[in-house]
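Keep the sequence and the 3D view open while reading.

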Amino acid sequence: MTKTFLNLFDAAWFFVERGDAPAHFGPLIILSPPQAAAPTYVADLVAQWRESKSFASPFDYVLRKRPIPCWSAVSDQDIDLDYHLRHVALPAPGGERELGVLISHLHSNPLDRRRPLWECHVIEGLEHGRFAIYLKLHHGQLDGVAAARLIGRIFTTDPDARDLLPPWSAGIRGNVPARRPVAVETAGTAMSALGRFGVVGRFCLATSSLAVAVRAISAMAVAVRSDRTGDLTRPFQAARTPFNQRIGGQRRFATQHYELARFQRVAKAANVTVNDVFLTAFGGALQRYLGELNAVPDGPIVGQIPVNVRELNAESMGNALAFVFARLRTDIVDPVVRLRAVHRSTVAAKSFHRALPPSAVTPFTMLLLGPQMAMLLLGLGGYGRPAANLIISNVPGPVERLYFNGARVEEIYGPSVLFHGQALNVTMSSYAGKAVISLTACSRSLPHVQRLAVYIAGALEEIEQAFGLEYSSEPVAPQGDFE
């Protein structure tokens, strides 16, 4: 049996995972059947998928945690497709709330580590004949960008294409399913660089990269202490909020989506990034939400922002992420001033990563997150000052409309990961001209999280009005408090 060892970053996801804090994520994909489809379209699709029992990486990998975490590829015959593929139907009326209740329940349950770490739920019975696919994946195996690329492999821009492979047969690499484990990429070009050297060369490069990372961490600490503007932020500078406590096992999931062009117009007018606009709008929503809860903190609210460092068009499993910490500046009421302050904070945070050679990104990230990971490993998450208040991500998705066997992909959402001390995870992803925002929350820590999702609309409108911008359509109506 062939084995592939996990790097430290990927293995950490399994060591910090707990029964009430599982480390899996979506995506959740909503589809409409093709025109004139038979009433049995979804059932026929599932039946077709059940015949596809060829498994590509990473869908054929089983985790072996001891003595050293590694992936073991298992044979097709050893994978029980009836366990991994599940076909369910929503109760009438099959609205967004009924779907949300089901997804929140499914997202609350950990994956079975004795099996390959994935589940595929095909859910029919949505209004207007729609159906959903919820693909449950482990973050120790794929990150959000790798999952987005997996979606790009599974689906097609051709509405007439048929007989497409299901996710587990398509896999993440090459033109045909891969049967041999692949090395895990760590950061950008670092892994390809390591492969060109011998053992001594790899040791020297690793040692040099670690030294560079240590110097960068030291420089960051000095810069934070001397920064009088509050733009540069490191871990453990965040104030404590209602979503920085111990969490329960049940999840809530809330969504909103908008025209992506609205964020792009503001970004152009202000000469900032789309992500800066998203962070600012969400900061405005947090202002209102925490105010209603009488829970406005005295100190800053800090977002922990994943940054993709994967090579362009790389087909690999594992995580290729760095993290930066930026303030959402919920202490600033004026939306323009808040946007400028958020932009300065993200620029200051990213400056340290941009100065690093690719081989030093992963050791720098591990050193930066080391205290936070140690707290989670020791079971101390949720006690004391948080490293950050929430994880907030922006994942670029497909630009063109996608299809699967004639079914049209309408929306792509992203249920995500929570940990003790971090009861809120917010993800914006783009798809076919839409900006889709997903909020994953602990049901015990955040009451009525859908209100927070809805308040993003008002905050975005305030920013647009401040810049004299108009928008052509209203955001989609609230889609229910998914719990």
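Which residues line the second largest cavity?

## The second largest cavity

The model is predicted. In it, the second largest cavity is lined by Pro27, Ile29, Trp49, Ile133, Leu135, Ile151, Ile154, Phe155, Pro167 and Phe404. Two elements give two or more residues to this lining: β8 (131-138) and α5. By class, the 10 lining residues are nonpolar, with no polar and no charged residues. The space in this cavity comes to about 70 Å³.

## The largest cavity

The structure holds 3 cavities of 30 Å³ or more. The largest of them has about 350 Å³ of space. Its lining counts 28 residues, and the closest to the centre are Gln304, Gln372, Leu376, Phe419 and Gln422.

Helix α12 (358-377) gives the largest share of this lining, with 5 residues. At least two residues each come from α1 (8-16), α12 and β12.

## The largest pocket

The largest pocket has a volume of about 890 Å³. It is lined by 41 residues. Closest to its centre are Gly144, Val145, Asn394, Val395 and Pro396.

Several elements give two or more residues to the pocket lining. They are α5 (144-154), β10 (302-308), β11 (321-327), β12 (390-395), β14 (407-413) and β15 (424-431). By class, the pocket lining has 24 nonpolar, 14 polar and 3 charged residues.

## The six-stranded sheet

An open sheet of 6 strands runs in the order β9-β16-β15-β12-β10-β11. Its pairing is mixed. The edge strands, β9 and β11, each pair on one side only. From one strand to the next, the twist averages 20°.

How does β12 sit between its partners? On one side, β12 pairs with β10 in the parallel sense, over 2 bridges. Gly303 stands opposite Leu390 in β12, and Gln304 has Ile391 of β12 as its bridge partner. Gln304 is also among the residues closest to the centre of the largest cavity. With β15, the pairing of β12 is again parallel, and 5 bridges join the two strands. There, Asn394 stands opposite Met428 in β15. Asn394 is likewise among the residues closest to the centre of the largest pocket. Strand β12 is mostly covered, with 5 of its 6 residues buried.

Is His257 buried or exposed? His257 is counted as buried because its relative accessible area is 4%, under the 20% cut-off. The His257 side chain makes a polar contact with the side chain of Tyr413, at 3.4 Å.

Ala320 is found in the loop between β10 and β11. Why does Ala320 count as buried? Its relative accessible area is 0%, and buried means under 20%. Ala320 and Asp143 are 177 residues apart along the chain. Their C-alpha atoms are separated by 7.3 Å.

## The three-stranded sheet

A further open sheet has 3 strands, in the order β1-β5-β4. Its pairing is antiparallel. The edge strands are β1 (3-5) and β4 (61-64), and each pairs on one side only. The twist averages 30° from one strand to the next.

Strands of a sheet pair through backbone hydrogen bonds, in either the parallel or the antiparallel sense. Here β1 and β5 (residues 70-73) are antiparallel, paired over 3 bridges. Within this pair, Phe5 stands opposite Cys70 in β5.

## Recap

Conventions: Residues are numbered from 1 along each chain as its sequence is written. This is a predicted model: local features need pLDDT of at least 70, side-chain atom pairs count only at pLDDT 80 or more; totals for chains, interfaces and linings use all residues. Side-chain values use heavy atoms; hydrogens and water are left out. On a 1 Å grid over the protein atoms alone, a cavity is a set of points where a 1.4 Å probe fits but cannot get out, and a pocket is an open set with protein on both sides within 12 Å along at least five of seven lines; lining residues have an atom within 4 Å of a point. Grid points are joined across faces, edges and corners, and a volume is the space filled by probe spheres set on the points. Helices (H or I, at least four residues) and strands (E, at least two) are DSSP runs, numbered from the N terminus. Ala, Val, Leu, Ile, Met, Phe, Trp, Tyr, Cys and Pro count as nonpolar, Asp, Glu, Lys and Arg as charged, and the others, Gly among them, as polar. Buried means under 20% relative accessible area, exposed over 50%, partly exposed in between (1.4 Å probe, protein chains only). A polar contact is a pair of N or O atoms within 3.5 Å; within protein, one must be able to donate a hydrogen and the other to accept it, and residues adjacent in sequence count only if both atoms are side-chain atoms. Two strands pair if DSSP finds at least two bridges between them. Axes are lines fitted to C-alpha atoms, for helices over the stretch in contact, and angles run from 0 to 180 degrees between N-to-C directions.
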